[in-house]
Structure formats: C-alpha cells, structure tokens
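Morning, everyone. Please look at the model on the screen while I talk.

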Amino acid sequence: MSTSGSPPQAGRLGTGHILFLIVAAAAPLSAMVGTVPLAFAFGDGAGVPAAFLFAGVTLLCFSVGYAVSARRTGGSGGFYASVADGLGRPPAVAAGYIALLSYNCATIGLAGALGYFTQLVLAAHGLTVSWEWCAAVGLVLTAVLGYREIALSARVLALFMLGEIGVLAALDVAILARHGLHALPTASFSPHTAAGPGVGVSLMFAFVSFIGFESAALYGKEAKDPRRSVPRATYAAVVLIAGFYALTSWLAVGAVGTDRVREVAGKQMGDLFFSLGDDFLGKAGSTGLQILLCTSLFAATLALHSAANRYAQVLAEDGLLPSALAVEHPRHRSPHRASLAQSALTTLVVAGFAVAGLDPYADLTTSMLGLGTLGIVTLQALAALSVLGLRLRGTGGHSHWWRETLAPLLGFAGLAASVWLVVGNFDMLTGSPSRVIAALPWLLPLVAAGGLAYAARLRTAHPLRYRLLGTRHTAAPDPEPSPATPAALSGDRHARSQ
C-alpha cells in the first residue's frame, strides 16, 4: 500500500543488495576490533571461536523458522509483522515499540562510536578534529543517503563492507602464511577450552556480534522477489558472519597463542587487532585497519538508520505513530519523513551528550548500543516464539517438524539464554559501573507494557483499527468485520484525527 499517492514500482533490491545491508549492520570489522578482545579477556579465551560457531548454528536455526514468517509476511514489517502473525496484536504492538527504541538506540550509539574512533584515527595521523565534528559529518551523510532510494545505500554499503572484509581476509591470509596450520589450534574447539570458565561471557559477546542480521525482513516492499530474497539473504548473512567471525578469531588465537591470548587481550583490548595488523601486514596494513574501522562504523550506522526508519514507517502505516511518518518519497520510494525524523532524533541525543561534556564512547556508545543490543536480541527470541505460535494455532500452512517446530525451538532456547546472559552481564557489555546505565534494561519491559496497554485501549476504543493491526503484512489477514469497510475506514480515520 503506497501512502504517497504515486503508483507502486517494482522492487529494486535483489538478494545481494539485502545481504550487503544486513552484513553492514553487523559491522564485521567493528566486531573484531571492539568485541572479540573483550571476549578473549573476560570469556573463555581461546574458546571464543567455538562460541561464534555455536551462536551461528543457533541463529541459523532461528533463521529457518524466521523464513516461515518472512514468506507469510511478504518479507516486510520485520519483528512487528512476525510477532503479529504468530503471537497476536498486543504482543506485536509491544514488539514494534521495542524495535523502534532498540534500533534508534543502536543507531545513536554507533554515531557516538563513529565520532570517537574517527577522532582517534585522525589524531594518530596528526590531524586534530573534535569527535563532535566527526560525528556530525557522519550524521549528515547518513541523513542524505537515508533520504534517497535504498538501492543507493546498498551500493555504498557494499563498497565499505567489501573493504572491511578484504582487510581482515588479508590479515587471515598473512597469519596462515606465516604460521601454517599451527595458526588454527585444535584446542579452541576442545570441550575443555570451549566450555571452560567464562563461556557464558563469550557466548554473550558472540550473539551480540550478529546484531542486525535479521533486518532483511524490513526490506520486503523494496525487494524484487521478497518471498525468496529475504530468506536467502538471512541465511547467507548468518553463514557469512558466523564463518568469518569464527575463522578470524581462531586465527587471532593462533597468532597470539592459546596460552597467552587471554592475557594479551586483557592488556591490549581495542589495540589487539591493530597490533596484529602491524605485525602481519606492516604499517600500511595497520593504517588500513584504522581507516576501514571508521568506514565500518559509518556503514553500520547507515544500515541501522535504514532499519529504524522502516520500523517507524510500518508503525505509522498502522496508526501506531503519526501518519506523516508513513509517507514515501514519490521518486525515491524511501520513507523519507521517517528518515528525517530519525536523523533529527540522533542529532539531538548526540548533541545533548556533547553539550553535557560526556564521553562519546564510555557514556554515549556503551549505554545506547548496550540497550539497543539487548532489545534486538529480545525481539529475536520473540520472533522465534512467534513461529511456534503459528504451529500451535495451525496457521503456518503445511506444517513441518523441522522448519516450524524444532528449528525455531532451538533458536528460541539459544536466544533466551543470550537475553539472560546480556541482562546478567550488562555492566560488562557497557563497561560502565553506573547505576543509571545498569537500570537501562528496565526500559524494555516498561515500553512493552506501554505497547500492551495501548493495544488494549485500541481494542476497546477503535476496534476496526485494532483488527487491522499487522494484517497488511500477512498472507492471510483476518476478514474485515463489516461489509461497509470503506465507510468504516473513513469514520475510523476521522476518529483517529480527533
């Protein structure tokens, strides 16, 4: 359904385009530089590659079930549509608002990280630019690309993603060339190491590193063949990210040494991969890693910005946000007003932290990205549960024991454990001892409760609007309650405007 008044156009995104969008959101280079050293230091050290492999298998099971939902929803609407289809309208409203909060927080956190690391990289090369200006340039570019058609963003993200994967692949090859098979220590996958002390922390960081891979289901309206391309892009993203993370972290263990990796990572932290770059790729390689870290953060900011404004558009189409946010640009076919609103929100929050004199990384990035990450993992668990809901209700079509029962059940179990680990280690994830930041996870149940309450109010005050929630995304929407639907809709729109 177009809200701009112009005729609909064929989708412009193929499987490859969507794959670039969602892998860029996961930010492979940023995960390697920022997350893997923490997992080495505070998790089970040399067993981290096994944690990435376990997370990948779990999320692949999740993806099998999520593909069932994506085919029913036409590959659009994301978690909101999936939960509406499998668990009903009230949980869907709660999930939609949690998604809006989580993706916006993640985008804001990445904008802070972009400003912080770009400032450091420029300073290392003799240029003094404040983090505020670095973040501002990134936000302007994000706003411009977010306003335009999504295919343009996909092409930009493809370029940056190939760059960051390329430099990490070069590091992998250099480690293998020097150490041979000794760079792949079997100890990383031995039960004693992989399930050793700290495995829970390693698993937490492993699951966190996949954030954004599920966002394929937000681009169905803009895809050429959403019922095929969305599931395919999701599967490909999980396999690519899991394989790459596991291999690169495994080679890092081999380069540093299984007995030394925990100690070395604890000392070097974010400098670990830059040190490896200096050692195995030379000064030019280390510089390339630094520059591509900045482009990786920009790519992730743009990808999550695109996801956030599409959630805003979907919720606005169903009357859960101001209807103006649902309008599509007549030429670019983008949710340009939602994009502008999201850009304004990010700018205001980042500017507020800057005016308050707070640290862009220790205060802004850790708190916002930590909350966004927890929210997205929670939504992934809900989406897995919604597929089980379809099976229980007998609305999933031809039921299959693997696709609609066992795979989503395994995915839900792993993701529920991940939520528990993130909540229990939220101070470690954010790196902050602040009680205020430690209390941020409570925002998620509060937002969920608000969504449930609003859905209950709609059910009583606007029953037609309530019955239409989420139905535009399902293959078999509920029948409309009245034969005089146009008049009823007109009256309901009038009531909503009051």
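A crossing is left-handed if the near helix is turned anticlockwise from the far one by less than a right angle, and right-handed if clockwise. Keep that in mind for each pair.

Two notes on the source. This is a predicted model, where local features need pLDDT of at least 70 and side-chain atom pairs count only at pLDDT 80 or more, while totals for chains, interfaces and linings use all residues. Residues are numbered from 1 along each chain as its sequence is written, and side-chain values use heavy atoms, with hydrogens and water left out.

Now the helix names. Helices (H or I, at least four residues) and strands (E, at least two) are DSSP runs, numbered from the N terminus.

Start with H13 and H14. H13 covers residues 272-317 and H14 covers residues 336-355. They pack at an angle of about 120 degrees, and their axes are 8 Å apart. How do we get such numbers? Axes are lines fitted to C-alpha atoms, for helices over the stretch in contact, and angles run from 0 to 180 degrees between N-to-C directions.

What do we call an angle? Under 35 degrees is roughly parallel, over 145 is roughly antiparallel, 65 to 115 is roughly perpendicular, and the rest is oblique. H13 and H14 are therefore oblique to each other. Which hand does the crossing of H13 and H14 have? It is right-handed.

Next, who touches whom? Contact means heavy atoms within 4.5 Å. On the H13 side we have His 305, Ala 308, Asn 309, Ala 312 and Gln 313. They meet Ala 338, Ser 339, Gln 342 and Ser 343 in H14. The classes in this contact of H13 with H14 are three nonpolar, six polar and no charged residues. For the classes, Ala, Val, Leu, Ile, Met, Phe, Trp, Tyr, Cys and Pro count as nonpolar, Asp, Glu, Lys and Arg as charged, and the others, Gly among them, as polar.

H1 is residues 15-26, and H8 is residues 150-179. Their angle is about 60 degrees, with the axes 8 Å apart. That makes H1 oblique to H8. H1 passes H8 in a left-handed crossing. From H1 come His 17, Phe 20, Leu 21, Val 23 and Ala 24. They meet Ile 150, Ala 154, Leu 157, Ala 158 and Met 161 of H8.

The crossing of H5 and H15 is left-handed. Residues of H5 in the contact include Phe 79, Val 83 and Leu 87. H15 brings, among them, Ile 376, Leu 379 and Arg 393. The contact of H5 with H15 has nine nonpolar, five polar and two charged residues.

Now single residues. Buried means under 20% relative accessible area, exposed over 50%, partly exposed in between (1.4 Å probe, protein chains only).

Take Thr 248, in helix H11, residues 226-256. Is Thr 248 buried or exposed? Thr 248 is buried, because its relative accessible area is 1%. Beyond neighbours within four places in sequence, Thr 248 contacts Met 32, Leu 168, Asp 172 and Phe 273.

Val 256 is also placed in H11. Its relative accessibility is 12%, so Val 256 counts as buried. Not counting residues up to four places away in sequence, Val 256 touches Val 261, Val 264, Leu 272 and Leu 276.

Ser 367 lies in H15. At 4% relative accessible area, Ser 367 is buried. Its contacts, leaving aside neighbours within four places in sequence, are Phe 353, Ile 437 and Leu 440. Ser 367 and Leu 429 are 62 residues apart along the chain, and their C-alpha atoms are separated by 9.0 Å.

Leu 159, in H8, is exposed, with a relative accessible area of 61%. Leu 159 and Thr 295 are 136 residues apart in sequence, but 9.7 Å apart in space, C-alpha to C-alpha.
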